[in-house]
Amino acid sequence: MADSPPRPIAIVSAMHEELGALLAQMPDEQRIQVGGRDFWVGHLQGQLIVAVLSRIGKVAAATTAAVLLERFGARAIVFTGVAGGLAPGVEVGDVVVATKLLQHDLDASPIFPKYEVPLTGHARFAADTEISDALATVAADVLSDPVTLLGEKVADDFALAAPKVHRGLLISGDRFVSTLAESEALRLALPDALAVEMEGAAVAQVCHDFGVPFAAVRTISDRADDAAHGDFTRFVASVASRYSLALVSAWLATLSQE
């Protein structure tokens, strides 16, 4: 019997800057177009990976995940990107590694409990423990010296003296949360939520359906309040994309050592 072809690890980026930083480190990437998306297959840190831009929103991200699993046979999906901090102490420049993910704008009540995905029995989808543990470990190492990673000016400009790693609930919805009223409403409804974004929980649901490990790591770009717009583009290019590349590369390197 012929050996099965190797199955890649999927790295899904939320922003063009993150994907570009990743591709710059892949010496052999090849582009494959499916469903209007560019999927890049190659190697990073000795691991076969497929990298792709998720696009924005839950439906777009779910489509991307389904293609990764059906067309490319991904053996795990890791999602990187930015998020707005919700919980006290989750500040700009920190990193959140999800343990569970939930769609904060899903409500099929009274037929199903609020937030529960109909016919699944789940509102909160668990991230893979092994991958998440490893990502949290490398994140703590990467964030221990932000000046070396980002340069002194960037670290000073964004006040990244001592960024932290948080683990817990990450929530997703099809709107950019950018007012204090919205963020306070989410904190009241879901007091254990650490951060909010627009894709992760949808990808977690798809991976649950397929029985494939999933993990999400998000850099906090703002506090999901009236100041959320800020210098977002510069933050993504100067901070989040560098965080993501360093985290993913460090994690893949640990796999190559096994």
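**Helix burial and packing**

Student: Which residues are buried in helix H7?
Tutor: This is a predicted model. In helix H7, which spans residues 200-210, the buried residues are Gly200, Ala201, Ala202, Val203, Ala204, Val206 and Cys207.

Student: And what follows H7?
Tutor: Gly211 comes after H7, and its phi is positive, near 70°.

Student: Changing topic: which residues of H1 are buried?
Tutor: Glu18, Leu19, Leu22 and Leu23 are buried in H1. Viewed down the axis of H1, these buried residues fall within an arc of 130°, so they line one face of the helix.

Student: What do the buried residues of H1 pack against?
Tutor: Their partners are strand E1 (9-13), strand E3 (37-44), strand E4 (47-53), strand E5 (76-85) and H8.

Student: At what angle do H1 and H8 pack?
Tutor: Helix H1 (residues 16-23) and helix H8 (residues 232-256) pack at an angle of about 45°, and their axes are 8 Å apart. Angles from 65 to 115 degrees would count as roughly perpendicular and those under 35 as roughly parallel; H1 and H8 are therefore oblique to each other.

Student: Is the crossing left-handed or right-handed?
Tutor: H1 passes H8 in a right-handed crossing.

Student: Which residues meet there?
Tutor: From H1, Glu17, Glu18, Ala21 and Leu22 meet Thr233, Val236, Ala237, Ala240, Ser241, Ser244, Leu245 and Val248 of H8. The residues of this contact of H1 with H8 comprise seven nonpolar, three polar and two charged.

How values were computed: Residues numbered from 1 in each chain as written. Predicted model: local features only at pLDDT ≥ 70, side-chain atom pairs only at ≥ 80, totals over all residues. Heavy atoms only, no water. Buried < 20%, exposed > 50% of the residue type's maximum accessible area, 1.4 Å probe, protein only. Helix = DSSP H or I, 4+ residues; strand = E, 2+ residues; numbered from the N terminus. Axes fitted to C-alpha atoms, helices over the stretch in contact; angles between N-to-C directions. Parallel < 35°, antiparallel > 145°, perpendicular 65-115°, else oblique. Left-handed = near helix turned anticlockwise from the far one by under 90°. Contact = heavy atoms within 4.5 Å. Nonpolar A, V, L, I, M, F, W, Y, C, P; charged D, E, K, R; others polar. Arc of directions from axis to C-beta.
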